[in-house]
Amino acid sequence: MFRTLGLRAAASALLLFAAPVHAETQAPPASAPSSDVLSRMFVWWDEAFKTPGAYTRDNFARFFTEDATLILEGKLVIDGIDEWVSHFQAIQSRGGEVEIVVPFKEVFEADGKIYTYHVIRSRREGKAACSLAAGHATLRDGKIASIVLVRSPLDPAKGPLDPQCWTQ
């Protein structure tokens, strides 16, 4: 039995990966994203991706603690603001489009964490790709101290894509 709300919430978010996605259930886009710091950061991040020079230390410091980490699929990918800057500048420099869809499919806060289930979509060299992501951000002093995500790439050959995915 789970002993904490945090574990139950994380398990619930991961179980959402198993839920079937039906094209006919497409939700209309919301006009205003959630007000949590993670949603606000990704709204900024999406716009910054389209703006050369926007991934700066000062901009990341608005949302992240100095020692903020990113863990993807259980591996530490980023450790500290300078690595956030260099990591995303490198992705931006490769061209194409990347977007974290905000508002998230699911988002809630509990015990100093923000739990999410969301879509990540991209286009590069004429090819669209899409993933579902679930995880959480740990907050400290109103900023993001860590983000932990698991992602599941969606393959249109294996079934319908999430309605928020780009198809072209």
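I started with what the buried residues of helix 4 pack against: helix 2 (37-49), helix 3 (57-61), strand 1 (64-72), strand 2 (75-79), strand 5 (113-124) and strand 7 (143-153). Helices (H or I, at least four residues) and strands (E, at least two) are DSSP runs, numbered from the N terminus. Contact means heavy atoms within 4.5 Å.

I noted that this is a predicted model, where local features need pLDDT of at least 70, side-chain atom pairs count only at pLDDT 80 or more, and totals for chains, interfaces and linings use all residues. Residues are numbered from 1 along each chain as its sequence is written, and side-chain values use heavy atoms, with hydrogens and water left out.

I got Ile81, Trp84, Val85, Phe88, Ile91 and Gln92. Seen down the axis of helix 4, they fall within an arc of 140° (taken from the directions from the axis to the C-beta atoms), so they line one face.

Then I checked Thr65, which lies in strand 1. Thr65 is buried, at 9% relative accessible area. Leaving aside neighbours within four places in sequence, Thr65 is in contact with Ile81, Arg140, Lys143, Ile144 and Ala145.

Last, I went for aromatic pairs (Phe, Tyr and Trp rings, six-membered for Trp, with centres within 6.5 Å; planes under 30 degrees apart are stacked, over 60 edge-to-face, the rest tilted). I found 15. Trp44 and Phe60 have ring centres 5.0 Å apart and planes at 85°, so they are edge-to-face.

Methods
Buried < 20%, exposed > 50% of the residue type's maximum accessible area, 1.4 Å probe, protein only.
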